[in-house]
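Thanks, everyone. I'll keep this brief: pockets, then a couple of residues. Here is the structure.

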Amino acid sequence: MVSVGVSKLGKTDLVFVQPGAKINSVYYCENVLEQGLLPDISRILSNYFVFQQDEAPAHRLLSTVAYLRSHVPEFIEPENWPPNSPDLNPVDYSVWGALQQMVYRHKISDMDHLKRVLIDCWAQLSQDTLNRAIDQLPQRLTMVIKAKGAHVEFRLD
């Protein structure tokens, strides 16, 4: 499993979850946020950013929310998070697909090789690709509202 953060100003490094790790609040806060995403986000955006998550189980635990309230300057509270929906997450609805296409060009020999290829391809993924994904969000929100929360198909014309 891999976590990332994206914005119009840049992207974090890939944060790899250790194989077999149980993604509870402690693991998520210490390994994914504290050692991975938050330092990268601060590096990219200084210390001015708004942090938002979806409702993945480790994200909504009370201890995770308490950690974020105390460590993140602008944190969107859980009641204002979008549902855990790939239709409303630029990484899910666009960025992973673009990265996947790049990775599939390689013949992967083992897990270590896959990790190296992911890191290399992530570094090559352009800011323009991220911006296009982020720019789709308002249209996607409208479509999900019209579909009353159901999954939507989306194509750029």
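Take the lining of the second largest pocket. By class, 10 of its residues are nonpolar, 2 are polar and 2 are charged. Bear in mind that this is a predicted model. The pocket's volume is about 280 Å³. In total, 14 residues line this pocket. Closest to its centre are Phe 16, Val 17, Pro 19, Met 111 and Lys 115. Which helix gives the largest share of this lining? Helix α5, residues 111-124, with 5 residues.

Now the largest pocket. Its space comes to about 1,200 Å³. The lining here has 41 residues. Nearest the centre lie Val 4, Gly 5, Gln 52, Gln 53 and Asn 89. Which one gives the largest share? That is α1, with 6 residues. By class, the lining splits into 27 nonpolar, 10 polar and 4 charged residues.

Next, two single residues. Start with Thr 12. It sits in the loop between β3 and β4, where β4 is residues 15-16. Buried or exposed? Thr 12 has 2% relative accessibility, so it counts as buried; the cut-off for buried is under 20%. Its side chain has a polar atom 2.8 Å from the backbone nitrogen of Gly 5. Gly 5 is also one of the residues nearest the centre of the largest pocket. What else does Thr 12 touch, leaving out residues up to four places away in sequence? Besides Gly 5, there are Val 4, Leu 37, Asp 40, Ile 41, Ile 44 and Trp 122. Val 4 is another of the residues nearest that pocket centre.

Second residue: Leu 137. How accessible is Leu 137? Its relative accessible area is 25%, so Leu 137 is partly exposed. That class lies between the 20% and 50% cut-offs. Setting aside residues up to four places away in sequence, Leu 137 touches Leu 88 and Tyr 93. There is also a pairing across the chain to point out. Leu 137 and Asp 87 are 50 residues apart in sequence, and their C-alpha atoms are separated by 8.8 Å.

That's my set. Over to you for questions.

Technical notes
Residues numbered from 1 in each chain as written. Predicted model: local features only at pLDDT ≥ 70, side-chain atom pairs only at ≥ 80, totals over all residues. Heavy atoms only, no water. 1 Å grid on protein atoms, 1.4 Å probe; cavity = no way out; pocket = protein on both sides within 12 Å on 5 of 7 lines; lining within 4 Å. Points joined across faces, edges and corners; volume = space filled by probe spheres on them. Helix = DSSP H or I, 4+ residues; strand = E, 2+ residues; numbered from the N terminus. Nonpolar A, V, L, I, M, F, W, Y, C, P; charged D, E, K, R; others polar. Buried < 20%, exposed > 50% of the residue type's maximum accessible area, 1.4 Å probe, protein only. Polar contact = N/O pair within 3.5 Å; in protein donor to acceptor, adjacent residues only side chain to side chain. Contact = heavy atoms within 4.5 Å.
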